[in-house]
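Morning, everyone. I have one structure to walk you through today. Let me put it up on the screen.

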Amino acid sequence: MRSAFDLQLVNGPTGDPALFADVIGAGRAVLIDLGNLSSLSARKLLRVSDVLLSHAHLDHFADFERLLRVVLGRERVIRLTGPKGTLARVAARLASYEWNLAESFREAVTFEVLEVHEDGTRRRARLALKERFAPQEVEEFVATSDVVRAEPRLVIRAAVLDHGVPCLAFALEEPVHVQVFRNALEAMGLGTGPWLRRAKELLLEGAPDDTPLTAQWRDGTRILERTVFLGALREQALRLIPGQRVVYVTDCAWTKRNVEKILELAQDADTLVIEAAFSHADRAQARARRHLTAVEAGTIARLAGVRRMIPFHFSPRYEGRFEVLEAEARAAFEGTDGSLALPEPL
Ligand SMILES: [Zn+2]
């Protein structure tokens with residue numbers, strides 16, 4: 001199946017959390033969590049338009065500066081979304097450096113920080129190198145949905161989970177996708193070309209069927225052109241299909257409220273990247289540290305009906321036997337291991 005996102009778990013399932021999600025065809029990427037980023041090239045870091053921070057424990061936030069150094073002298077806005085307290089933390093990290101040379105940068109980065117609070121409150125501010133990263137335009141408002149970013153090609157949602165501290169889970173969605181049937185186009189006597197992009201845009205905008213389009217394509221050395229109506233394309237050669245959804249869940253306790261929120265975010269998702277920090281045998285420790293066990297992760301993936309589960313954030317205590325976590329999560333996801341009962345909150 002066609003993918004909307006190219007996913008890279010930067011440090012695999014065992015290292016610091018960081019998920020690089022390239023938005024295919026958009027020339028940009030979303031980076032979820034800022035654990036060790038040393039294996040991400042500058043070229044990849046320069047594609048990051050959105051940073052999503054689950055929470056500010058060290059292993060999720062430590063490499064903020066690595067991103068900062070790469071984007072510092074670039075004229076661009078990076079949106080950084082995190083839980084309550086993120087603005088103060090980002091401002092504090094930036095304030096710990098001298099910026100007396102800020103004015104000498106011809107191009108300079110700006111961070112647009114957005115905080116997502118449990119009660120629906122959102123806080124937003126701009127921190128620009130040219131203003132020595134002093135928070136500007138701080139505003140507070142109340143959100144009416146879980147959407148933190150809405151664009152025609154990308155929607156980002158967030159849910160606030162409990163990890164002892166607020167911790168965000170995220171969904172990346174391609175809202176709808178236009179599928180092109182090339183054979184049908186051919187049968188209509190049309191060739192492919194840049195005009196198709198306009199046709200897709202019109203379809204996504206819900207333009208009326210009698211909207212005319214100039215289809216232009218190259219046939220050898222000749223340029224051919226025809227007028228076609230959107231309705232005919234819709235009936236014969238283009239189809240709207242649901243887009244893909246990737247959900248990222250980490251660092252949260254196995255509580256009824258958390259599980260309900262995750263299921264709402266992850267229902268029928270294409271991919272669920274979910275922490276499986278502990279073996280179920282160590283569930284007492286998992287509970288004390290407010291993490292999920294591998295069985296809990298697999299159970300959530302099964303209940304959500306996701307197509308693919310990627311367990312990660314394995315605790316280093318399982319060094320040399322990480323496959324135990326993978327196997328536990330897999331068995332719970334596939335429902336093949338009946339020996340482990342569903343945990344209580346459900
Ligand atoms: Zn944590």
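Buried here means under 20% relative accessible area, exposed means over 50%, and partly exposed is in between, with a 1.4 Å probe and protein chains only.

A word on where this comes from. This is a predicted model, in which local features need pLDDT of at least 70 and side-chain atom pairs count only at pLDDT 80 or more, while totals for chains, interfaces and linings use all residues. Residues are numbered from 1 along each chain as its sequence is written, and side-chain values use heavy atoms, with hydrogens and water left out.

Back to Glu151. Glu151 forms a salt bridge with Arg28, and their closest N and O atoms are 2.6 Å apart. By salt bridge I mean a side-chain nitrogen of Lys or Arg within 4 Å of a carboxyl oxygen of Asp or Glu. Glu151 sits in the loop between β9 (147-150) and β10, and Arg28 in strand β3 (residues 28-32), so this pair ties together parts that are 123 residues apart in sequence. Strands are DSSP runs (E, at least two residues), helices are too (H or I, at least four), and both are numbered from the N terminus. Arg28 also counts as buried, at 15% relative accessibility.

How many salt bridges does the structure hold? It holds 26. Take two others. Arg126 and Glu137 meet through their side chains, 2.4 Å from N to O. Arg126 is in strand β7 and Glu137 in strand β8, 11 residues apart. Arg126 is partly exposed at 22%. Glu137 is exposed, at 58%. There is also a network: salt bridges that share partners join Arg28, Asp50, Arg79, Arg149 and Glu151.

Then Arg132 and Glu103, in a salt bridge of 3.1 Å, N to O. Arg132 lies in the loop between β7 (121-128) and β8 (136-142), Glu103 in the loop between α4 (86-95) and β6 (110-116), and 29 residues separate them. Arg132 is partly exposed at 41%, and Glu103 is exposed at 52%.

Now the metal. Which residues are the protein donors of the zinc ion? They are His55 (NE2), His57 (ND1), His163 (NE2) and Asp251 (OD), lying 2.2 to 2.3 Å from the ion. Donors are N, O and S atoms within 2.8 Å of the metal (3.2 Å for Na, K and Ca); water is not among the atoms, so sites may look incomplete. The angles among the four donor atoms run from 87 to 173°, and the site is irregular. Four donors count as tetrahedral if all angles lie between 85 and 135 degrees; four count as square planar and six as octahedral if opposite donors are over 155 degrees apart and all others between 65 and 115; anything else is irregular.

Along the chain, the donor spacing reads H-x1-H-x105-H-x87-D. His55 is in the loop between β4 (48-52) and α2 (58-61), and His163 in the loop between β10 (155-162) and β11 (166-173), 108 residues apart. His55 is buried at 1%. His163 is buried at 6%.

Last, the overall layout. The chain is divided into domain 1 (5-174 + 243-332) and domain 2 (176-241), with bounds from an automatic or database domain assignment. Their C-alpha centres lie 38 Å apart.
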